[in-house]
Structures are given as C-alpha cells and as structure tokens.
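Please look over the model shown here before reading the notes that follow.

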Amino acid sequence: MSENTLESLKQHLYQTNSEYRELAREHQRSESRLNELLAQQHPRPDELEEAAVLKRRKLTLKDRMQEILKQNAKLAHV
C-alpha cells in the first residue's frame with residue numbers, strides 16, 4: 001500500500017469511523033501528556049509510572065488503529 005493511499009485511508013477513517021476517530025484522539029492526548037512528563041528534568045516517581053502507563057496505552061491504541069486500517073484496506077481492496 002502506498003504512503004498516499006495509507007494516509008487517505010487514515011483520513012477517511014478519521015472522518016467516518018467513530019471508533020477510529022476516538023482512538024486517534026486518545027492517542028494524541030496520551031502523546032501530549034507523555035511529552036509533558038518526559039520534558040521534566042526531575043519527574044516524581046508517580047510521574048515516571050504515569051509515563052510508563054501512557055507508553056503502554058499508546059501502543060494498545062496504535063495496535064487497535066492498525067487493526068481497523070487493515071480491515072478497511074481489505075474491504076477497499078487497497
């Protein structure tokens with residue numbers, strides 16, 4: 001699948017698939033918070049734990065988004 005086709009499919013899913021859209025939004029929120037935590041020079045232990053949880057959550061979200069992409073790519077014969 002070409003990069004343009006993949007990006008088009010992602011945009012289409014974001015616009016039309018509520019699950020994909022919510023996963024993408026949550027992934028972005030997690031990314032933003034993780035960046036805030038990682039930017040700190042001296043994070044507290046609870047912040048380090050939160051960062052670890054966010055990293056795992058982002059991976060879970062990304063995996064589900066990839067599943068949705070694959071399912072829709074098959075349907076669209078991309």
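Leaving aside its neighbours within four places in sequence, which residues is Met-65 in contact with? Met-65 touches Tyr-20, Leu-23, Ala-24 and His-27, where contact means heavy atoms within 4.5 Å.

## Basis of the model

This is a predicted model, in which local features need pLDDT of at least 70 and side-chain atom pairs count only at pLDDT 80 or more, while totals for chains, interfaces and linings use all residues. Residues are numbered from 1 along each chain as its sequence is written, and side-chain values use heavy atoms, with hydrogens and water left out.

## Packing of α1 and α2

Helix α1 (residues 3–16) packs with helix α2 (residues 18–39) at an angle of about 105°, their axes being 6 Å apart; helices here are DSSP runs (H or I, at least four residues) numbered from the N terminus. That angle makes α1 roughly perpendicular to α2, a term that covers 65 to 115 degrees.

In this packing, Lys-10, Leu-13, Tyr-14, Gln-15 and Thr-16 of α1 meet Ser-18, Tyr-20, Arg-21, Ala-24 and Arg-25 of α2.

## The nonpolar core

The largest nonpolar core consists of 10 residues, namely Leu-9, Leu-13, Tyr-20, Leu-23, Ala-24, Leu-61, Met-65, Ile-68, Leu-69 and Ala-73; such a core is a set of buried Ala, Val, Leu, Ile, Met, Phe, Trp, Tyr and Cys residues joined through side-chain atoms within 4.5 Å, buried meaning under 20% relative accessible area. At least two residues of this core come from each of α1, α2 and α3 (45–76), and α3 supplies the largest share, five residues.

## Ala-39

Ala-39 is found in helix α2 and is exposed, with a relative accessible area of 62%, exposed meaning over 50%.

Methods:
Axes fitted to C-alpha atoms, helices over the stretch in contact; angles between N-to-C directions. Parallel < 35°, antiparallel > 145°, perpendicular 65-115°, else oblique. Buried < 20%, exposed > 50% of the residue type's maximum accessible area, 1.4 Å probe, protein only.
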